[in-house]
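Take a walk through this fold.

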Amino acid sequence: MMQANAFRILALLAVLLCGATSLPTDAAAQQAGAVPGDALGLNSDTDLWRFVRTGNAGSTQMKNELAAVMIQSEGDNYRAIRNGPISAFGGIGLIIVIFVLGLFYMVRGRIKIDSGPSGATILRFATIDRFAHWLMAGSFIILGITGLNMLYGRYVLLPVIGKDAFAALTAAGKYAHNFLAFAFMAGLALSFLLWVRHNIPNKVDWQWIKMGGGIVKKGVHPPARKFNAGQKIIFWAVMIGGLSVSMSGIALMFPFQTTMFGDTFALLNGFGFSLPTDFTPLQEQQLNQLWHGFVSLVLIVMIMAHIYIGSVGMEGALDAMNSGHVDRNWAKEHHSLWVEEEDQKAAKPAE
Ligand code: HEM
């Protein structure tokens, strides 16, 4: 028994030694193209796939940089972030804002004109203002709904309406999303030009914030000019967020043409950050998509609060964007300094 074991060990050592001495010779001959590889090959599977995964043109037969990407490991991270935190926190955010607005309505009710409607009106928004608002708002709402369908439709809508209807609806939604993006950008640019001068922060805003905007307690009316601090926050969020969503959306519409993330990160690195800047075209697309979804969800949550306060939440507010004329008492309660300015302008003799 002892003898048989010793024999086996000796035989094993002999095989290992022979292998160790013959392998480099085989490898050299094979690399020189002299002999074909043996059945097991000389490179390990891990090495082979690591090589393919680098995805550089030349590591495969494909010369096109994008076509050469056979395995893209970052795609796993992208998918995990999109289907994980972005979808989850976006959904939670939407549910929370609906819940909070519902609760606010139940506790505070509709914010009334405390002194009652006067019957007299004052022009708040001219036709061009209202056109800009509804161009931006109408397109945003459809972009929001079709975008939410792209993220959540397969979980929420598909089980209800079935595969065929869902496919048709989502395809139509995708066209609407792509084309209405341009209407949104036009509305955004026009609203910016029309309203930016009224949205520069000033001292009055601080007072408005300290008084909670007067929306929590009945009869509290902090002074405000044309736009109060809350509206200025909405304005700048819509302008900056809208621009960012537009740019990332254009990058998604015309894929692999932009290097916005690499460029932005390089810019930030100039301010002491140390962010990666060397992204492949595919990674740029993935980052664009994550960012586009994230900023859109934040905007949708904010705009839901805006829509609430501009319609059911406050008596007299919607008139501003409907007819353009608001009740004078509404205007005095919510924008007292603006009413004074308008009255002074009207009292001035025409030059
Ligand atoms: C049904 C939907 C909407 C309604 C009922 C609505 C209502 C209103 C009203 C009444 C005003 C004027 C407030 C005032 O007189 O002071 C306003 C202003 C404004 N709206 Fe909307 N809106 C809607 C959707 C949107 C959307 C989707 C956006 C942007 C994406 C938007 C952006 C703005 C901005 C930037 C202003 C000026 C600043 C402010 O008042 O907050 N609105 N909206």
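Gln 72 sits in the loop between α2 (45-53) and α3; helices here are DSSP runs of H or I with at least four residues, numbered from the N terminus. The model is predicted: local features need pLDDT of at least 70, side-chain atom pairs count only at pLDDT 80 or more, and totals for chains, interfaces and linings use all residues. Residues are numbered from 1 along each chain as its sequence is written, and side-chain values use heavy atoms, without hydrogens or water.

Is Gln 72 buried or exposed? Its relative accessible area is 18%, so Gln 72 is buried (under 20%, with a 1.4 Å probe and protein chains only). A polar atom of its side chain lies 2.8 Å from the backbone nitrogen of Gly 75. Leaving aside neighbours within four places in sequence, Gln 72 is in contact with Thr 280, Leu 282, Gln 283 and Gln 286 (heavy atoms within 4.5 Å).

Next comes α3, residues 74-108. Its 35 residues reach 48 Å from first C-alpha to last, close to the 51 Å expected at 1.5 Å a residue. A kink of about 30° lies at Ile 81, shortly before Pro 85. Buried residues of α3 include Gly 75, Tyr 78, Arg 82 and Leu 101. Their cover includes α4 (127-156) and α10 (281-310). Gly 109 follows α3, with a positive phi near 70°.

Now the packed pair. The axes of α6 (residues 163-195) and α8 (residues 229-253) come within 10 Å and cross at roughly 150°. Among the residues making the contact are Phe 182 and Trp 195 of α6, and Trp 236 and Gly 242 of α8.

Technical notes:
Helices (H or I, at least four residues) and strands (E, at least two) are DSSP runs, numbered from the N terminus. The expected span of a helix is 1.5 Å times one less than its number of residues. The bend at a residue is the angle between axes fitted to the seven residues ending there and the seven starting there. Buried means under 20% relative accessible area, exposed over 50%, partly exposed in between (1.4 Å probe, protein chains only). A polar contact is a pair of N or O atoms within 3.5 Å; within protein, one must be able to donate a hydrogen and the other to accept it, and residues adjacent in sequence count only if both atoms are side-chain atoms. Axes are lines fitted to C-alpha atoms, for helices over the stretch in contact, and angles run from 0 to 180 degrees between N-to-C directions.
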